[in-house]
Amino acid sequence: MANLSTKIKMYAAANGVAEVDFMKDVMLQDDSDGNGAYIKQWNLDIAQPSMSDLDAFDSAASDAEYNASQISNRVAEYGTAAQQLEIIVEQGADALASRNNAIKAKYPKK
């Protein structure tokens with residue numbers, strides 16, 4: 001199940017809002033009874049969604065979170081620009097492309 005904040009971002013994007021500031025636009029609150037987070041305050045100029053509205057975005061939001069994690073793993077393994085340049089200089093651009101393709105295969109996106 002995706003994070004509530006990710007589902008809210010996707011709902012907002014689907015309704016023409018490109019950015020959501022969770023300190024100003026939408027405030028979330030953790031429920032003390034263990035039911036998870038909920039929307040405490042909604043300050044966007046679009047209708048506040050119900051939980052079922054947001055749940056409709058669960059699959060896409062889960063994929064987005066997974067892809068963000070995979071990209072983060074790739075970036076960490078690619079190394080710095082200087083390290084990648086060193087590979088190009090020492091081994092050639094094809095070696096870097098081959099290495100980066102192996103990293104992409106190791107961390108595939110959905």
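The model is predicted: local features need pLDDT of at least 70, side-chain atom pairs count only at pLDDT 80 or more, and totals for chains, interfaces and linings use all residues. Residues are numbered from 1 along each chain as its sequence is written, and side-chain values use heavy atoms, without hydrogens and water.

**Overall form**
- The chain has five helices and two strands, counted as DSSP runs (helices H or I, at least four residues; strands E, at least two).
- From the N terminus, the order of elements is α-β-β-α-α-α-α.
- The C-alpha trace spans about 55 × 25 × 25 Å along its principal axes.
- Buried residues (under 20% relative accessible area, 1.4 Å probe, protein chains only; exposed is over 50%) account for 27% of the 110 residues.

**Nonpolar core**
- Twelve residues form the largest nonpolar core, including Leu4, Ile8, Val17, Trp42 and Leu54; such a core is a set of buried Ala, Val, Leu, Ile, Met, Phe, Trp, Tyr and Cys residues joined through side-chain atoms within 4.5 Å.
- Helix H1 (4-14) gives the largest share of this core, four residues.
- Beyond its neighbours within four places in sequence, valine 17 is in contact (heavy atoms within 4.5 Å) with Ala12, Leu44 and Ile46.

**Helix H5**
- Leu96, Asn100 and Ile103 are buried in H5.
- These residues lie on the same side of H5, because they cover an arc of only 55 degrees around the axis, taken from the directions from the helix axis to the C-beta atoms.
- The buried residues of H5 pack against helix H3 (58-78) and helix H4 (81-91).
- Exposed Asp94 and Ala105 sit on the face of H5 turned away from its buried side.
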